[in-house]
Amino acid sequence: MDVFALFATRVSAALKSLYPEVTEDALGRLVVEPPRDPAHGDLSTNAAMVVAKPLGRNPREAAAALAGHFASDKDVISAEVAGPGFVNFRIADALWLDVLRAVGQEGADFGRTNVGGGERVNVEYVSANPTGPMHVGHTRGAVFGDTLASLMEYSGYDVTREFYINDAGSQIETLARSTLLRYREALGESIDIPSGLYPGDYLVPVGQALAKEFGDTLLGMPESEAVPLVKDRVLDAMMALIKADLADLRIHHDVFFSERTLHGPDGDIAQTLAWLREQGMIYEGRLEPPKGKTPDEWENREQTLFRATDYGDDIDRPLVKSDGSYTYFAADIAYHRNKYLRGFKHMVNVLGADHSGYVKRLQAAVKAVSQGEADIDVRICQLVRLMKNGEPFKMSKRSGDLVTVADVVAEVGADATRFMLLFRRNDAAMDFDFALVKEQTRDNPVFYVQYAHARACSVFRVAEREMPGVDLSLLALRSAAVERLSTEAELDLVRSVAQWPRTVSAAALAHEPHRIAFYLYDLAAAFHGFWAKGKEDVSLRFVNAADPTLTLARLALVGAVRQVLVNGLTILGVLAPDELS
RNA sequence: GGCCUCGUAGCUCAGCGGAUAGAGCAGCAGCCUUCUAAGCUGUUGGUCGGAGGUUCGAUUCCUCCCGAGGUCACCA
């Protein structure tokens, strides 16, 4: 139940009956929201203003007509015209209290909407190079993508979570050669890792496994035979590492898509380029050297170019390297065509800040391969600076400081890692303070929100002790006399709960999971605030054995808050503990 | 030089084209010792980087400028 959506429908219907000539376009801009200043009422709509202009009417007159229309609505206590043409509604308490019953009825589904309309969406995130365990730099995008996927799922999209394995480039050759060295080492040779190869210890077990599987037979093979064998095994091993790191963060994917499968003479890349050529989207030409500093090895040569500028990119993009192999972007075009042909008309890619220059060409690629039918939203996650006690700290393997995802999770836990990374807009750089995250104060939002849930649970434990034998389940509390909730503090809390459904749908449509985290923080603050009032004024305590009717009504409220906290934390992938230790 | 992101209170940050721009911390003034836990209440503090534009209305959208960060054929 979403009070705001409910009224948006009613207002829209009212406008249509008042002004049959009103356009859908104008109605699309109609908003019902809580006014910034609660003194203005419970709900506010801009309806009269968005409608008046195209109809050539005075907004205040339209507002007055609209307000008059709601005089007979039993849920509306008053409807007033304000400012340039707002209509402010004051809503009957009964409707707010219906929200509490709705939470009891809908439980985990309270807030679930169908704004996605069942549309299929492909959300691609992480897509780290499989050359080692996950670096901490990948964490933000991983958490963001995973949470966005959950949020969209909860909002009625049919979501596929996808990981693109960059297993085709030269870094994989390097990885294979690095592994061969570890294999020799496992066979007893003493090795020296030249610069340019991967020195990480995580390849040691892979070398040992190769020694076990092949004995010394790889040594007798020409490198052209040995490398592919090694490649397959080390890629599997690296993906296993990455999946384990992701699992530590409670992140899972539905599809792992290998770039390698796109290559080959009949592969997707070849087919896609042939198709693009037929469409006239490819030509042979020369590029201007980049302005400013020219790269040292700039070579002005004729190359195979994709007409990215036709689709909004800044320059046309090369598809074939000087050695004749495909560029990374050529593979990416084919990959996104593959997504489109799999039936995805909506795609989301989560990329790191260093890929911001890649956005336009990706959008161009999607437009081109879908002939304008599909859209892609590229979300850039900015850098995270790791801090300790307000000081940035360097991450270097040698000094033993934290570098990998596993290290961070081991240090502060998945809950804190996830919540903190989501407690900031994705497109702004952030600091991640290890000391703060472990603090149990209001400064630490993870603790603050989880504590609100634990405190709600604690209230129920007290109630069970005070009122033995009474069914205190949320479902049973639907019949509580919630009209007994009459103080401003109580109704404020009810109104906060009522905000949840619109918060979720707005966040899902905007692809902004951080709004969920901020909402939960606000809800927690409202709940803690109310609890604190009970400390000063005993009559405001939730559990009051002398007045069981009121107690049940308040428990319905506490239960609703707890349920919304659970629903929100579930989207964020953060646990909602019953008690904090 | 081009492109991308950011610029909001002393600090860290919210802000969905709407009304007098919000919260936490810090500061100031009081109060308090727990329905297991973060003490609470009040209060001070703003040229929303700057200038134009679109709009009934701009912190929000557009253009230019300033500042910070990132990025810049063929790497992935």
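Predicted model: local features only at pLDDT ≥ 70, side-chain atom pairs only at ≥ 80, totals over all residues.
1. Strand 3, which covers residues 76-82, and strand 4, which covers residues 86-91, run antiparallel and are joined by six bridges.

2. The open sheet 14-13-15. Three strands make up this open sheet in the order 14-13-15, and their pairing is mixed. The edges are taken by strand 14 (391-392) and strand 15 (430-433), and each of these has a single partner strand, so one side of each is left without a neighbour in the sheet.

3. The two pairings of strand 13. Towards strand 14, strand 13 (residues 384-388) pairs in the antiparallel sense over two bridges; here Lys-388 stands opposite Glu-391 of strand 14, while Met-387 has Pro-392 of strand 14 as its bridge partner. Towards strand 15, strand 13 pairs in the parallel sense over four bridges, and in this pairing Arg-385 stands opposite Asp-431.

4. The open sheet 8-9-10. Another three strands form an open sheet, in the order 8-9-10, and here the pairing is antiparallel. Strand 8 (282-285) and strand 10 (317-318) are the edge strands, each of them pairing on one side only. Strand 9, made of residues 303-306, is joined to strand 10 by two bridges, and these two strands run antiparallel. Phe-306 has Arg-317 in strand 10 as its bridge partner. Helix 11 (residues 268-278) packs on this sheet and touches both strand 8 and strand 9, with a direction that makes about 85° with that of strand 8.

5. Helix 14 against helix 15. Helix 14 (residues 405-412) and helix 15 (residues 414-422) pack with their axes 7 Å apart and at an angle of about 105°. Because angles of 65 to 115 degrees count as roughly perpendicular, helix 14 is described as roughly perpendicular to helix 15. On the side of helix 14 the residues that meet the partner are Val-408, Val-409 and Val-412, and on the side of helix 15 they are Ala-414, Ala-416 and Thr-417. Sorted by class, this contact has five nonpolar residues, one polar residue and no charged residues.

6. Helix 17 against helix 20. The axes of helix 17 (residues 445-466) and helix 20 (residues 514-536) come within 9 Å and cross at roughly 50°, which means that helix 17 is oblique to helix 20. The crossing of these two helices is left-handed. Helix 17 contributes Pro-445, Tyr-448, Val-449, Tyr-451, Ala-452, Arg-455, Ala-456 and Val-459 to the contact, and helix 20 contributes Leu-520, Tyr-521, Ala-524, Ala-525, Phe-527, His-528 and Trp-531. By class, the contact of helix 17 with helix 20 has 13 nonpolar residues, one polar residue and one charged residue.

7. Aromatic pairs. A search of the whole structure finds 22 aromatic pairs. One of them is formed by Phe-163 and Phe-256, whose rings are 5.3 Å apart centre to centre with 35° between the planes, an arrangement that is tilted. Phe-163 belongs to strand 6 (residues 158-165) and Phe-256 to strand 7 (residues 255-258), so this pair ties together parts that are 93 residues apart in sequence.

Notes
Residues numbered from 1 in each chain as written. Chains lettered and ligands numbered in written order. Heavy atoms only, no water. Pairing = 2+ DSSP bridges. Axes fitted to C-alpha atoms, helices over the stretch in contact; angles between N-to-C directions. Parallel < 35°, antiparallel > 145°, perpendicular 65-115°, else oblique. Left-handed = near helix turned anticlockwise from the far one by under 90°. Contact = heavy atoms within 4.5 Å. Nonpolar A, V, L, I, M, F, W, Y, C, P; charged D, E, K, R; others polar. Phe/Tyr/Trp six-rings, centres within 6.5 Å; stacked < 30°, edge-to-face > 60°.
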